[in-house]
Structure formats: structure tokens, C-alpha cells
Amino acid sequence: MTSPHLLWLLAGVGTILVLASVIGEILRLRLSPAGENPVIENLNARINAWWVMVICLALAFIAGKPGVVLLFALCSFAALREFMTLTTHNRADHWSLVACFFLILPLQYWFIATDWYGMYSIFIPVYAFLLLPVASALRGSTRDFLIRVSETQWALMICVYCASHVPALLYLQIPGFEGRNVILIAYLIFVVQLSDVLQYVWGKLLGRTSVAPTLSPSKTWEGLIGGTLSATAIGTALYWMTPFSPLEAAGMCLLITLMGFFGGLVMSAIKRDRGIKDWGHLIAGHGGFLDRLDSVIFAAPIFFHVTRWVWSTT
Amino acid sequence: MIASLRSFAARLTGLAISTFARFMTAPRAIWHGIEPVPRQRVYFANHASNGDFVLLWTALPSPLRRQTRPVAALDYWLTSPLRAFIGRDVFNAVLIDRRPEARTEDPVAQMVAALDQGSSLIIFPEGQRNSSDAPLLPFKSGLYHLARARPQVDLVPVWIANLNRVMPKGEIIPVPLICTLTFGAPIHVEPEETRDAFLARATRALLALTPPAAA
């Protein structure tokens with residue numbers, strides 16, 4: 001599945017990470033030699049976690065379609081575990097929760113791996129959404145029923161359904177782009193995550209006006225505009241590795257960086273409501289899987305469907 | 001030969017059990033007012049699920065885990081060869097008999113003996129699983145007698161959150177949810193302190209660790 005373009009992209013990301021690690025180390029020696037500056041420590045933890053994430057992704061790309069599907073199935077599992085920890089449910093929902101993790105999640109990724117588009121695009125919204133509440137209802141508990149059912153459904157939608165559209169990109173058939181679909185995944189993740197990082201950087205440098213003060217003080221208009229535009233510019237400059245023309249690439253980048261921003265915003269609203277700062281603790285410096293994936297999760301289905309409608313023959 | 005095979009199998013089983021526990025609960029240890037250093041300690045925790053000591057054992061850093069033995073009920077762990085293997089060989093549990101009429105050894109003496117060999121202990125002072133709505137059942141007096149017998153040993157409260165939702169009583173298949181273990185500042189028995197006063201203080205120390213949004 002490797003292609004020269006993928007190697008170029010990975011080499012580019014590797015160079016950025018080497019640069020970031022060197023800068024992080026210099027900052028640490030200057031400002032936090034004994035680990036006393038939490039901002040610098042967090043920055044270095046984030047950079048180290050990026051290394052791990054990029055290496056995992058690269059290994060999955062080398063392993064081919066099964067590797068990528070498996071990686072995202074595991075990410076979905078970890079994300080769902082974080083989400084379900086915060087949702088309202090009681091003992092009557094035990095079997096429906098077990099089904100979410102051990103039946104619906106594997107089936108969804110199985111449908112992706114077998115390229116059954118007609119099934120994976122409706123399996124969760126139709127079959128899972130109708131049958132799961134039945135499992136809860138049969139146990140007879142009506143307390144907070146609608147809240148329990150809808151929170152479980154939303155967890156599945158975000159953590160499984162949306163996330164599974166990332167590996168689904170591998171199965172699009174784009175004339176003239178055969179054998180290079182993995183670039184679509186690398187491109188989507190690269191542009192969206194770059195936009196996250198650049199929003200953070202622009203926000204730290206110039207951020208004054210908060211987009212949604214009650215949600216997240218760190219999301220500013222300056223960060224949003226600077227981050228999405230600069231990520232879009234870099235994504236557009238990489239149009240030659242995609243099936244898109246420069247103008248199309250710019251439009252796609254704008255679309256996915258904005259969806260990524262909205263993802264961060266919506267997931268922040270949930271965290272704020274539940275009184276937590278991070279979804280989890282497994283990715284040092286970043287928080288949980290959902291903290292890192294929220295933007296990609298929101299961008300992936302839209303990126304998938306637009307690419308499918310306009311460029312794919314399936 | 002048999003003995004070394006048995007201990008190898010025990011290590012492998014221990015690894016499999018703690019990997020499974022991590023997969024299901026991604027346990028997060030929060031050390032609040034105490035550091036995870038290899039000092040001799042008695043960890044006392046709330047008991048809402050059969051998996052409690054496995055999770056506590058898993059959440060300890062491995063140098064601490066190796067010297068820590070759970071205190072468990074002999075009348076549960078010796079009922080089948082598999083349980084006996086897991087209880088004795090894998091977790092190296094201090095097996096005490098909860099039935100006063102049947103036991104030959106004094107549980108507190110057994111725990112003290114384990115402490116004197118240098119081990120740390122995991123105990124559940126409620127004495128049984130709590131499936132009531134109250135956060136804790138009244139503590140049994142074992143914790144007090146242990147504290148009196150070895151007053152220098154740190155008694156560390158540990159609140160285990162969420163595990164009862166992972167595997168509610170009576171269910172067979174667990175649901176993966178993140179569990180948090182909060183380790184609190186150690187307590188010691190005061191020279192003049194009565195049993196009831198000490199147990200009340202230990203209960204408060206443990207309850208103080210419940211997460212604010214444990215709903």
C-alpha cells in the first residue's frame with residue numbers, strides 16, 4: 001500500500017516531528033530543566049505522543065487494508081470506552097452496552113473490510129438504533145429511558161459510525177488513483193490534525209476573541225481563521241498527491257478543517273456538561289483518544305461522501 | 001521442574017489477567033497526597049466487585065505489585081483447583097477463613113505474618129462485597145487490629161470507582177468502561193485511639209477519595 005507520495009508525506013511529518021522534538025528539548029533545557037514548567041512538559045509529552053501515533057499509523061499503512069481497519073476498530077473501541085464511561089445508563093442497559101462493544105463495533109468494521117457500502121452506511125442508524133432500545137426495554141427499567149437510549153446511540157454514532165468512515169476511504173474507486181487510496185486517509189488526518197495544531201499555535205500567538213466563551217476559552221476566532229486558512233494553504237500545496245485539482249483541494253481542506261473545528265467544539269460542550277477536562281488519560285499530554293480524534297471523527301464522513309459523490313465510481 | 005513450570009504458568013496467567021483488566025477498564029491510578037514508592041503498605045479499598053483486587057493489583061507499578069499480596073477469602077478461593085491456582089500461585093494471596101467456627105488460624109495473625117515477611121497487603125475492610133446503595137458497608141475490626149499490631153505500616157485508602165458498572169452483580173460479560181483508582185494519604189492508628197474512632201476515621205479517609213462526579 002505504500003506509494004512514493006505516502007513516503008513523501010510520512011517523511012515530511014517525520015521532519016516536522018524531529019524539528020518539534022529539537023525545539024521542545026531546547027525549550028525544556030532553557031525553561032524547565034527540572035520539569036517545573038507544566039506548559040513545556042505538556043508540549044514535550046504531546047510531541048512524544050505524536051511520534052507514537054504517527055508510527056502506529058505508518059505501521060498500519062504498511063500492513064495494508066486489514067491493518068488500517070484493525071487500527072481504527074481499536075481506536076473506536078478506546079473512544080467508545082471513554083464515551084460510555086460518561087453516559088447515563090443503568091443495570092437494565094448492560095446487554096445493550098455489551099452489544100455496542102462486542103457485536104455492533106466488530107460488525108461495522110467487518111462491513112467496512114468487506115466493502116459492503118449498502119450495509120455499513122445504514123447498519124448503525126437503522127438496525128442498531130432500532131434494536132438496542134428493545135434490549136433495554138425488555139429489562140423493564142423506564143427511568144431516564146430516552147436519555148439512556150439517545151446517549152448510547154450518540155456514542156455509537158460518534159465513536160463507531162463516524163470513525164469507521166476513515167478506513168472506508170480505502171475502498172473508493174477513483175479512476176486514475178488506483179492503489180493510492182491510503183493517501184486519502186493520510187491526507188485527511190494530516191490536514192485536520194495540522195489545522196488543530198495551527199489553531200492552537202495561532203490562538204496562543206494572537207488569540208483574543210473567544211468563539212464560544214462558555215465552551216472553551218482556548219478556541220478563538222484568531223486561532224480558528226489562522227489555523228484553518230494556513231492548514232488549507234498547506235493542504236492545497238499538496239494537491240498533487242490527491243485526486244483533486246488545486247481549487248478542489250482548497251475546497252476540501254476548508255471543508256474538513258471546519259468540520260474538524262466543529263467536532264472539537266461539540267465534544268468540548270459534552271465535556272463541559274459532564275464536568276471533565278479530558279476524555280481519558282491514555283495519550284500522554286493530549287488526554288484520551290476522543291480528545292485527539294474528535295476533529296477527524298467529524299470530518300471523516302463528510303470527506304468520504306463528498307469524495308465518493310464527486311470522484312468515485314462506486 | 002514442576003515447580004518452575006507452575007510458577008511460569010502463574011506469571012503468564014497473571015499477565016493475561018492484568019492485560020484483560022487493562023483492556024476492559026483502562027485503569028487510571030491517581031496518587032493524591034502519596035507517592036507510588038516501594039514502601040511497605042496496607043492498601044484498604046472499597047469492595048463493590050469481584051474484580052476489585054485484580055484492578056488494584058494491575059494499577060500498582062510493577063515493582064510495587066511484586067511485593068503486594070491481596071488478602072482473600074479462603075472459603076471462596078479454595079473451592080476449585082483453578083481458583084486455588086489463581087489465588088495461591090498467581091496472586092500469592094493471603095488466604096483467610098471468614099468462618100470463625102471453621103478456621104484454624106487467626107486472620108489478623110496471618111496478615112501480620114505476611115507483613116513481617118516484607119509484603120504489602122490489599123484488604124477490603126468491609127469484609128464482603130457491597131451491593132447496597134450506601135457507598136460503604138461498616139468496616140470490620142480487622143483493619144484496626146492490624147493497625148495496632150504493626151502501627152508503623154502505612155495504611156493507604158484506595159477508592160475504586162466504576163468497576164461495579166463494568167460488571168454489575170449477576171452479569172457474566174463485562175462492559176468496557178474506564179475505572180479510576182484514587183490512592184489517598186496514609187493513616188496510622190493513634191496511641192490512645194479507640195477501635196470505633198479509628199474505624200470511623202479510616203472510613204472518612206476512604207470516602208474522601210470518591211470522585212466528585214461519581215454519578
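Predicted model: local features only at pLDDT ≥ 70, side-chain atom pairs only at ≥ 80, totals over all residues.
**Stop 1: where the chains meet**

Colour chain A and chain B separately, then look at their contact. Chain A puts in 14 residues and chain B puts in 11. On chain B's side of that contact, 8 residues are nonpolar, 2 are charged and 1 is polar.

**Stop 2: the nonpolar core**

Now for the largest nonpolar core, a set of 134 residues. Select A:L80, A:A163, A:L188 and B:L56, which have the most contacts inside this core. Then highlight residues 182-206 of chain A: this is helix α9, and α9 gives the most to the core, with 14 residues.

Which residues does B:L56 touch? Leaving aside residues up to four places away in sequence, select B:Y43, B:A45, B:I122, B:V158, B:I160 and B:L181.

**Stop 3: two crossing helices**

Back to chain A. Show helix α3, residues 65-86, together with helix α12, residues 289-311. Their axes come within 9 Å of each other and cross at roughly 115°. Angles from 65 to 115 degrees count as roughly perpendicular, so that is how α3(A) sits relative to α12(A). The crossing of this pair, α3(A) and α12(A), is left-handed.

Zoom in on the place where they meet. On α3(A), pick out A:C75, A:A78, A:A79, A:E82 and A:F83. Facing them on α12(A) are A:F289, A:L290 and A:L293. What kinds of residues make up this contact of α3(A) with α12(A)? There are 7 nonpolar residues and 1 charged, with no polar ones.

Technical notes. Residues numbered from 1 in each chain as written. Chains lettered and ligands numbered in written order. Contact = placed C-beta atoms within 7 Å. Nonpolar A, V, L, I, M, F, W, Y, C, P; charged D, E, K, R; others polar. Core = buried A, V, L, I, M, F, W, Y, C linked by C-beta atoms within 7 Å. Buried ≥ 20, exposed ≤ 12 C-beta atoms within 10 Å, placed from the backbone. Helix = DSSP H or I, 4+ residues; strand = E, 2+ residues; numbered from the N terminus. Axes fitted to C-alpha atoms, helices over the stretch in contact; angles between N-to-C directions. Parallel < 35°, antiparallel > 145°, perpendicular 65-115°, else oblique. Left-handed = near helix turned anticlockwise from the far one by under 90°.
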